Structure formats: C-alpha cells, structure tokens
Amino acid sequence: MTTDTELGSRLARGARAAARAAGTPDALDVARAERRGLVDIAYVRYDAPIGRLLLAATEHGLVRIAFGDEPDDDVLEHLAATISPRIVASARRLDGARRTFDRYFAGRGDLDALAVDLQLALGFDRTVLDTLRAQVPLGATITYAGLADRAGSPRAARAVGNAMAKNPVPLVVPCHRVVPSAGGVGSYGGGPHIKAQLLALEGAALQLA
Amino acid sequence: MHPPPFELLLGAHRARLHRYLVVLVGPTDAADCLQEASLSALAAYPPADTDHLSAWLFTIAHRKGLDVHRRRARQRRLVATAAHDGHATLPDVELWDAVARLPDKQRAAVTLRYAADLPYAEIATVLDVSEDAARQNVRAGLRGLRRAITDTDALTKEPSR
C-alpha cells in the first residue's frame, strides 16, 4: 500500500521532471508589458570600464544609477518603496542610454542628451543637481563653493556636498566634476579612484593635492 | 511590509509557478499561461494585501490554468477528440492520468501541494476555501490517486499470472 508521503514525493518528482523537460520558460514579455503601460521602472545592468552599473529609468528618463558596490536588490527595494514596485528588468527602455554610455566611455561624446527623472532629489538638492547638469559641461570642473554660488546659495558648500552624496543619477548629473577647492578629487560614491578615472577620461585638468 | 520589486517577486516564485502550470495544463500551454499570469499580476501589482504575495501569484496562475481547461473542454466538444492533454508527456503516466481524472478542487489541491510545494494556508487562499477544506481536498485527492493506481497495478499484474 502506497503511503501519502510516498505518493506525495512521487508527484513532486514527476512535477520536477516534467518542468525540467519543458525547459526554462520565456522571461516576462517586457515589450507587451510596456505597451500596456505596466512598467513604472525598467532596469538593466551595464558593464562599464569603471565597473558594473545598474541603470534604472521611469518613462521620463534615468531615475537611478548605482555603482557595483551597492547590491542590486537594495537599490531596487529602495526604488520600490519610494517610487513604485512595478519594476521590471528590461534592456529595451535603456537601449538608448546604453549606447550613449558606450560612446561616453569611448571618449566620443557626453551624456547631456540623456533624459533624467530627478524625482528622488527634493528642494535644494534638486536645485543643485539641475544647476550642475546645466552649467558644468564635460571637460570642466567646479568647486563645492563655486557650485553653491551658482545655485544661488554662496555659503552652502557643505549642503552642496550633501546633495552630491545623495545624487541619484551620478555620471549623468556629473557630480564627479565637483572637486574640493583645496585640490585633489575629493570623495565620490563609487570611490575616489573612479572619480579620478572619470575626470581623466573627460580630459579635465586635475590639480592633484 | 513594502511590496518588493515585481521582478524580484516573480523571480522568487517563477520556477514553482511554472512547475504547477506544467502539471496543470501541460508544457506548451504552461509557458503561455505563465506569461499571461505574469502580465496580469504586473497589471494588478501591488495587491491590497501584500502579506500573502505567493498565494496571490498562484491564484492568478491557477485561474489562467482553469481558462485553458475550459477552452479545451469547449474544443473537445467541437472536435470530439481528447486532444493534447499535458499529462500525457509526463513520466509516470498512470499516476498523472489519475491526477487528470480527479475532481477539479482535488486535482488543484494535490498539485498545489506537491508540484508547487505550497503550504496548506496558501492552498486555501488559492482555492478560496478554509485551511481545513484544503487539507481535506489534498487527502481526498491522494485517496483517489491511490485507488486509481492500485487498480491499474492490479490490471497490469493480472496477465502475468
């Protein structure tokens, strides 16, 4: 007489074998999901010369760029909690961004044409990021105090530093171009060596301390 | 609890959802069912109750599976053939034949329990019954299966005498 447990494991084994035989099912049909407007945030992993990046975009533009030292799941969980959990892996929406990054890292273009969605930056932080992106082009640098001045708050160099540290879209909003007035490259989310690497790539004149 | 990113939620349950659907509707329709279920889930995500997301996903997949069954029943009535039922491709055919012949609730309960590894509480949610009823359906299903395979065993042993 077959016991329930034996019968159960016979069913479980059979189901596993059948699923294996059926092969891995296709991933979510992102094209269809996007056509139906179901994807609030699409993301893709991008291998850059400065390491692996995670690029995430809403329908308005890049909303988050994370360096490899931040676990992907943490980044995605944060986006789910702050913007929307309808987050789907999709190369489609980020195809243009990836091509622009390819050109940028090859030294053949800037990132100015990329659309960004700065909804994660509020108040003064947002003003600083907008000012930086609009006024400090590839090849240039600016000091924290200088950027504070441009953003209309000359004494807010420290607040500018905070805004840079919280920049949701590094590279595209070029916080790597903001350097200490004392010299050197200063701190950077992905690490100072990456900041130096980016500035070298952009051919900026570096005053090393 | 914050609902997790959809991609991570689906990733965590995808293999089990697929296994359940393969057993329920066969390998070909399972892929389509999983796709439809995933899109429906994304469209409705996040549900109001975010504490039972696994059961919620299986409920959606289960309904897609039932749609396939209904469609097949209609087709069968039209062409009068017992066409491509998925279980025919499974190993251990006599057992899965017996599964296919179980009453709907028992078949669903048994496959949710053993193909999808769902706890009774989640089976209850998917089938919209009490946890006790979920247990009873699994037990009754197993009893039915045992009876069916014992009969076939007896039948196949008969001629060798």
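Student: How many helices and strands does chain A have?

Tutor: In this predicted model, chain A has 8 helices and 6 strands, where helices (H or I, at least four residues) and strands (E, at least two) are DSSP runs numbered from the N terminus. Residues are numbered from 1 along each chain as its sequence is written, and chains are lettered from A in the order in which they are written. Local features need pLDDT of at least 70, and side-chain atom pairs count only at pLDDT 80 or more, while totals for chains, interfaces and linings use all residues.

Student: And in what order do the elements of chain A run?

Tutor: Starting at the N terminus, the order is α-α-β-β-β-α-β-α-α-β-α-α-β-α.

Student: What about chain B, how many residues of chain A are in contact with it?

Tutor: There are 34 residues of chain A in contact with 34 residues of chain B, two residues being in contact if their C-beta atoms, placed from the backbone, lie within 7 Å.

Student: Which element gives the largest share of that side of chain A?

Tutor: That is α1(A), from which 14 residues of the side touching chain B come.

Student: Switching topic, what span does the C-alpha trace of chain A have along its principal axes?

Tutor: The trace spans about 85 × 30 × 30 Å.
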